[in-house]
Amino acid sequence: MPSLYWIKKAPWAALIAAVLVIWIDSKLFEDRELWLKLRARLEALPEPVVRLELGITKDILQLKNMRDAPPEMRRLIILGNSRARVGLNLRNLRDDDILQAKIAHAGVSPYVMRTFAKEGAALSPDLVVLMLSELDTHRPVELVPGACFRSAAALGQLLTSEPSLTWEQRHEVEQVAVGAFLNSYRYGDILDRAYLNDFREIRIQEEEPASKRQDQRRGRVIPRKQLVVEADNARFRVRRISEPDVPPPPIENIEEIRAELAKSFKRKKIQNSTLNIGYAIAFGPHVETQRDLIEKTIEIFTNAGSKVLIVEGPLNPLTYLLYDEESTRSDFLAFVEKMKMEYGVHFQSIDETGPYVPKDFSDLLHLKGTSARKLSADVRKRVVELLDG
Amino acid sequence: MLFNTLDFAVFLIVSLSVFYALPRRLRNPFLLVASYAFYGFWNWRFCGLLLLSTVVDYWAALRMETCEDQRRRKHYLWISLGVNLSILGFFKYCNFFIDSFTAVLDSIGIDAPDYVLRIALPVGISFYTFQTLSYTIDVYRREMVPTRKFLDFALFVALFPQLVAGPIERAKRILPQIVERRHASWKDVQSGSWLIYWGWFKKVYVSDNVARIVDTVYGAGAEPTGPEVLLALWAFAVQIYCDFSGYSDMARGVARLFGYNLMLNFNLPYFATNPQQVWRRWHISLSTWLRDYVYIPLGGNSGGRWKQNRNLFLTMLWAGLWHGASWTYVVFGAYHGALLAIHRELKPALKKIDPVSTVARSAWWLFRVGCFFHLWLLGLLLFRAVSFEQAASLGYILFTNTDPGFVYDWIPPFLMFSAPLLIVQIWQGATRDLEVPLRWPMPIRALLFAAMFLAIVFLGEDHGEPFIYFQF
């Protein structure tokens, strides 16, 4: 008879604890009320501190709405980064029969689209709009773990297609890997900031004149705000999405370009990080990775019976000073052609929605209100055609 | 590679898998390679220093063993001491001495040029230097026979769980374990896993969170009130304890998974009732090292009271300087030296207070714990300060400013993060069993493990905050 000694020796407490954690994790994150409360709390915090978390919270609620909507409703999903958030607004698009989820905020790169694809395809969308351009296909992969959805498969694809990334951004890769397994890990920042802020961060500093408190030693008035240690208005250090101090792009006339951009945007100074966004659009091994991620996303949606529309996101023509627009854009268009041939993807280029001039943009990437409304109107027509067609 | 990162988790899983997949004779060589890889992860250039220290002490110990001439033996000991302390002195104290010298010249009116060497401090240098020194001194004293196997000795110096922040092990304890080529038992796996988990919880949930209060008060431009400083000192006491003992627990746990048994480094130090007791419970591996290699050679308990107190004082000065190249650490050491000496003088009088009833005895114990804890906090005020000016300023505010400031807002998070620690420690103290949670009924343990995990995930710092003691 086999020994049953191992039953006695098995780490039952740890195993039960693991089951408990997974159960609490799944139960807690299915609660719509929790997310509504989180959104309300996040909206009360300073926007720069929480923009990504707020976007994620809104995504979660939109997806819950779509999951719970009656099956006869037509479903539209819009995916893109902050350019789509600002430039693509399809609100009031026949709300009675079209339900839309707009997953568009900073950090939604092709990698995030790919990590979302399975979750999105499970919602059986009729149409998926992807706002893309050479900025998405020709910029190196940069992981923003908080912005990623749960998908171990996407992680696996990334690791095999661009192994150097696993080393350079290993901490982020690890975070995504854990996030793929456990919801609470991924949403830790949101919960931390919004749900527990009252307790942990105590409170956000209020605008206060110089305090009545006296420094007894020196007998002078101390402004209360001196106790604030970080410039982000929170009294305790909070996790911030910070941009490291990077050198400017190695372009000969970079200072002239900087001056021209500053003049155009009516700003005192253009940051290096802004210039590098444009300069990063270049050929390299990352292009293949980005294309693979987009192609896989399209494949997942089309296999689920969804139509896919790629809307070419316009870039400020001044950005062309920073990268080779002609070759990268034609490469992007060739990729789109391939997608059209292989997956029957629809495409709306800037030649249809444009032309765009620098004064249409508020910065290098984002459209101003008027031009955004024009783009949205053009896309709206195409979306309705595709949904009705 | 910090213990509280996923990098380390991957490293540990791979190392353990390979370690147990290999035949026993190859395990120690593999562990040595893994230890150098672990150290090289910080800065591979410093692996050379580690190797140099290892080679010199291995050679010196063997020469001492084969040599009968006491003078020549002493000569080899001095070589070992010279090389190790020179490395330590150069990398850790060079700029400190240059700065101090410049300040002295400035104070007597000589205009000294600003001269600062750009020296990176090799992580863990104070720990492994003391560890190798203990080996050569023990061999010199003929308290142990040196090993002839270089790989065994190299593994003793570099064994990765304790390499960068202790415990400062003794060759007498570890070398026999290395020779024995150990294998973790099921009990080792259980207790090792618990130690890693508990250490991780203490670091990521308790220490890194209460650190926010400390950083706020000690941060640049802060103008705290007296109660805020007091709460920040309580928080720092919790932070530094959980940071360092968390690391030690994790180190012991990791070593246990490989079958090695490292010494206990912390034994509920905040339940100490006097300075003598605290140094028997706090950083035990350092305090016993100082006792054996500094205090006793200075004369120890022999001689008159003045001489004994002088020995105590000098030993604690050394302990302070060990912590870092700064005068605040030296004064921290002096402060504790003074406390120990005063306690020694008061001991006979204190012994006479002997309450009869249980309640009175408990109250007296609590009173002493509370009093000593706050004396300890005064030391920490210096320990955490970046300068004497800051320590003096905060000390002044502590005793003169009574404005509550934000202290009522800070108390709830402080309690939230430190209460679990306190509860478990009271239990450990009452049962005199540091692994008591492992003996709780299974459902309670399951709940505890799950609650700890969720607390770490929801509230823990996941950005791999470095351990405080790595800078020493």
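1. A residue is called buried if its relative accessible area is under 20%, exposed if over 50%, and partly exposed in between (1.4 Å probe, protein chains only). By that rule, 59% of the 472 residues of chain B are buried, and 50% of the 389 residues of chain A.

2. This is a predicted model, in which local features need pLDDT of at least 70, side-chain atom pairs count only at pLDDT 80 or more, and totals for chains, interfaces and linings use all residues. Residues are numbered from 1 along each chain as its sequence is written, chains are lettered from A and ligands numbered from 1 in the order in which they are written, and side-chain values use heavy atoms, with hydrogens and water left out.

3. The score is pLDDT, the predictor's confidence in each residue, from 0 to 100. Chain A has an average of 79, and 84% of its residues reach at least 70. Residues 200–243 of chain A stay under 50, although the model gives them 111 contacts (heavy atoms within 4.5 Å) beyond four places in sequence. Where pLDDT is low, the predicted coordinates should not be read in detail.

4. Helices (H or I, at least four residues) and strands (E, at least two) are DSSP runs, numbered from the N terminus. Chain A has 19 helices and five strands, while chain B has 18 helices and zero strands.

5. Accessible areas come from the Shrake-Rupley method with a 1.4 Å probe; for residues, only the protein chains shown count as cover. Chain A exposes about 18900 Å², with 55% from carbon and sulfur atoms. For chain B the area is about 20100 Å², and carbon and sulfur atoms supply 67%.

6. In chain A, strands E1 (residues 74–80) and E2 (residues 98–104) pair in the parallel sense over seven bridges; pairing requires at least two DSSP bridges between two strands. A:Leu76 has A:Gln100 of E2(A) as its bridge partner. Between E1(A) and E2(A) the chain passes through helix H5 (residues 82–87) of chain A, in a right-handed β-α-β crossover. Right-handed means that, with the strands pointing away from the viewer, the path from the first strand over the helix to the second runs clockwise. Five of the seven residues of E2(A) are buried.

7. Two buried residues of chain A deserve a look. A:Tyr323 sits in the loop between strand E4 (307–312) and helix H17 (325–343) of chain A, and its relative accessible area is 6%, so A:Tyr323 is buried. Beyond four places in sequence, A:Tyr323 touches A:Glu134, A:Gly278, A:Ile281, A:Leu315 and A:Thr328. A:Ile281 is 42 residues from A:Tyr323 along the chain, yet their C-alpha atoms are separated by 6.2 Å. A:Arg382, in helix H19 (residues 369–388) of chain A, counts as buried because its relative accessibility is 19%. The contacts of A:Arg382 beyond four places in sequence include A:His346 and A:Glu352.

8. Helix H15 (residues 358–384) of chain B has 27 residues and should span 39 Å at 1.5 Å a residue; its end C-alpha atoms are 38 Å apart, which agrees. The expected span is 1.5 Å times one less than the number of residues. The buried residues of H15(B) include B:Trp364, B:Phe372, B:Phe373 and B:Trp376. Among the elements covering the buried residues of H15(B) are helix H9 (186–218), helix H10 (226–257) and helix H16 (388–400) of chain B.
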